[in-house]
Amino acid sequence: MSMIYVLLFGSLVFALTTQGQPCSKPQGDHMVLKGDAILSNSFPDGTAVSFQCETGYMSVGGSASITCTAGTWSPIRLKCERKNCGSPGEVANGNIDYATGTYFGDKIVITCNTGFRLVGRSEIVCGVDGWMSRLPECEIKTCDPPAKVGNASFSPDKDVYDYREVIQYTCLKGFTLNGSKSISCSEDEIFKPDPPKCILVKCEEPKIADAETVSPYLPLYGYLDTVTHRCTSGFRMEGEPTSTCDINSKWTPGLPQCVVSVGPTRPPDSGAPNVWQSWLIAILVIIACCGVIACGCHFFGVPASIKTRFRSQGGYSGNVATKDEVEM
């Protein structure tokens, strides 16, 4: 029985001790106290306070109020999530980089495609009320007309040219285009490559000593005209026989020269046929010599020394041949 009294007395003492105990300042995730409560650090027993989501966050449900009871706050039911600004839209001829995201405090970076310039802000931040600036625009880059080229015309002829628009040049009759026929508006807002030139190509008459023009002979030689030379008899050519009039009004390669030949203008043929010709000439010479000897013997007789040699060798019967015998 005494134990029961002890327990009842302890409970009474605890109740008297905790009754009226204040609460410390409550805290929640991504939320702050409303009104004057934000200025207090201690709250009496029975005090009720309310929360609100902090800047950049929004409520997604739950009660915003809590109550202090005997030094303890009731559970916080309010839920606060980071504000999402969502998609800002699209940029024609540009790109949006969502490097960090679309939530409060994040930023997007806008860039334009090649050949376009940015008009507006290149970076936009997600704020309390959404994206803090409107999307920029990407405008196409343009070029002013190129400088005039002498002795030439170009088309189209306009006041302003858009990026990648092409101009083509045409030289007047009698002039040759030196450079690129077509140029285009670049992303640097100038035409590239540099405009061409229209020049008058005229090569000097190709006069070469001791040579004749094979073909063709013209009163005036222009761009890419060709001429071929041939050396006269007794001279040989050094260099190429055919030359072409180039864009610089020069003969390419340079004109040849005709120099005095050392030996025949045409080298003798070589090979087996020359050997047979040599043998044939030798045989003809031998036959001719034999014919001369035979004719001499017929008209003038056989010399005595030859007769004596033939006798000693038994070539004669011992009788001296008469002139008529020899002739027979």
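Which two residues form a disulfide with their sulfur atoms 2.0 Å apart? Cys-231 and Cys-258 do; a disulfide is a pair of cysteine sulfur atoms within 2.5 Å.

This is a predicted model, where local features need pLDDT of at least 70 and side-chain atom pairs count only at pLDDT 80 or more, while totals for chains, interfaces and linings use all residues. Residues are numbered from 1 along each chain as its sequence is written, and side-chain values use heavy atoms, with hydrogens and water left out.

**View 1. The disulfide of Cys-231 and Cys-258.** The torsion about its S-S bond is about -90°, so this disulfide is left-handed. Cys-231 sits in strand S24 (residues 226–231) and Cys-258 in strand S28 (residues 257–260), so the pair ties together parts 27 residues apart in sequence. Helices (H or I, at least four residues) and strands (E, at least two) are DSSP runs, numbered from the N terminus. Cys-231 is buried at 15% relative accessibility, and Cys-258 is buried at 11%. Buried means under 20% relative accessible area, exposed over 50%, partly exposed in between (1.4 Å probe, protein chains only).

**View 2. The disulfide of Cys-23 and Cys-68.** The S to S distance is 1.9 Å. This link is right-handed, with 90° about the S-S bond. Distant parts of the chain are linked: Cys-23 in strand S1 (residues 23–24) and Cys-68 in strand S6 (residues 65–69), 45 residues apart. Cys-23 is buried at 1%; Cys-68 is buried at 0%.

**View 3. The disulfide of Cys-143 and Cys-185.** Here the S to S distance is 2.1 Å. The link is right-handed, at 85° about the S-S bond. Both cysteines are buried.
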